[in-house]
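Thank you all for coming this morning. Please have a look at the sequence and the structure on the screen, and keep them in view while I talk.

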Amino acid sequence: MSIAGEDEALTAARKLFAGPCEFVWGTGSIDSLPPQSLPEVAFVGRSNAGKSSLVNALTGRKTLARVSQTPGRTREINFFRLGERLMLVDLPGYGYAKASRSLAAEWQRLIFAYLRGRANLRRVVLLMDGRRGVMDLDRAVMDLLDSAAVSYCLSLTKIDKVPPSERAGLLSDIMAQARQHTAAYPEVFATSALKSEGLDTLKVELAALAAPRA
Ligand SMILES: Nc1nc2c(ncn2[C@@H]2O[C@H](COP(=O)(O)OP(=O)(O)OP(=O)(O)O)[C@@H](O)[C@H]2O)c(=O)[nH]1
Ligand SMILES: [Mg+2]
């Protein structure tokens with residue numbers, strides 16, 4: 001893309017994410033998902049990885065999605081409509097140690113059923129705490145997405161907590177892991193919801209998946 005084209009894409013992406021965004025639906029059951037009317041982007045990751053914080057940071061809202069220091073805050077699949085063009089989907093986290101085993105299994109079933117069965121799901125953003133990197137359950141989700149042929153990108157969160165001198169090494173390590181997965185994009189994002197870092201690149205990537213302007 002030319003530099004002028006890049007500028008245009010960034011301006012359009014910023015405009016989309018700064019525009020109206022509203023909560024439309026929350027459900028804990030795979031049987032009551034909203035109609036598949038818009039392209040969807042889902043934010044997936046371990047509990048406490050920073051999914052809800054990233055949805056808020058991208059849309060410039062502080063309280064759109066509920067954030068908590070206690071893992072397990074998001075208990076339903078929440079759908080947010082962005083400018084009538086893209087559905088942002090905030091999922092409950094997996095690997096929540098304090099959840100009862102049956103609840104954890106139920107959440108995992110819900111998340112996996114959603115990921116496997118949603119035809120309009122254009123991209124999954126798989127979030128990982130930058131201090132932790134790829135963990136076992138993340139690998140299980142990557143394998144699931146590979147087998148369901150759902151394309152996904154990896155995104156490191158809380159990058160403000162990673163010393164700048166360690167970031168390049170961390171990114172190339174995660175990139176090497178992404179390359180081993182068929183449905184993963186060979187590109188890794190790094191964001192800080194706290195410091196508003198790395199958001200523009202992700203906005204451009206996701207805006208490209210939005211439905212055309214009506
Ligand atoms: N330092 C720092 N902390 C962050 C960042 N993003 C999120 N956090 C913190 O991480 C914690 C978890 O954030 P959430 O956004 O609720 O995480 P989640 O992935 O939605 O968690 P669940 O809903 O439980 O799955 C909160 O205490 C946030 O303030 C970030 O970019 N930097
Ligand atoms: Mg959450």
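This is a predicted model: local features need pLDDT of at least 70, side-chain atom pairs count only at pLDDT 80 or more; totals for chains, interfaces and linings use all residues.

Let me begin with strand β3, residues 77-82, which is joined to β1, residues 21-27, by six bridges, the two strands running antiparallel. One of the pairs here is F23 with its bridge partner F80 in β3. Strand β3 is also joined to β4, again antiparallel, this time by five bridges, and N78 has D90 in β4 as its bridge partner. Because five of the six residues of β3 are buried, this strand is largely enclosed by the rest of the structure.

Between β3 and β4 there are three residues, and the two strands form a hairpin, with G83 in the turn having a positive phi of about 55 degrees. Is E84 buried or partly exposed? With 15 other C-beta atoms within 10 Å, E84 counts as partly exposed.

The other residue to look at is N48, in the loop between β2 and α2, where phi is near 80 degrees, again positive in a residue other than glycine. N48 is buried, because 23 other C-beta atoms lie within 10 Å, and the cut-off for buried is 20 or more.

Finally, of the 24 residues around ligand 1, those that come nearest are G50, S52, S53, T74 and G93. Helix α2, residues 51-59, gives the most to this shell, with three residues, and the shell as a whole divides into six nonpolar, 13 polar and five charged residues.

Definitions and conventions. Residues are numbered from 1 along each chain as its sequence is written. Chains are lettered from A and ligands numbered from 1 in the order in which they are written. A residue is near a molecule or strand if its C-beta atom, placed from the backbone, lies within 6 Å of it. Helices (H or I, at least four residues) and strands (E, at least two) are DSSP runs, numbered from the N terminus. Ala, Val, Leu, Ile, Met, Phe, Trp, Tyr, Cys and Pro count as nonpolar, Asp, Glu, Lys and Arg as charged, and the others, Gly among them, as polar. A residue is buried if 20 or more other C-beta atoms lie within 10 Å of its own, exposed if 12 or fewer, and partly exposed in between; C-beta atoms are placed from the backbone. Two strands pair if DSSP finds at least two bridges between them.
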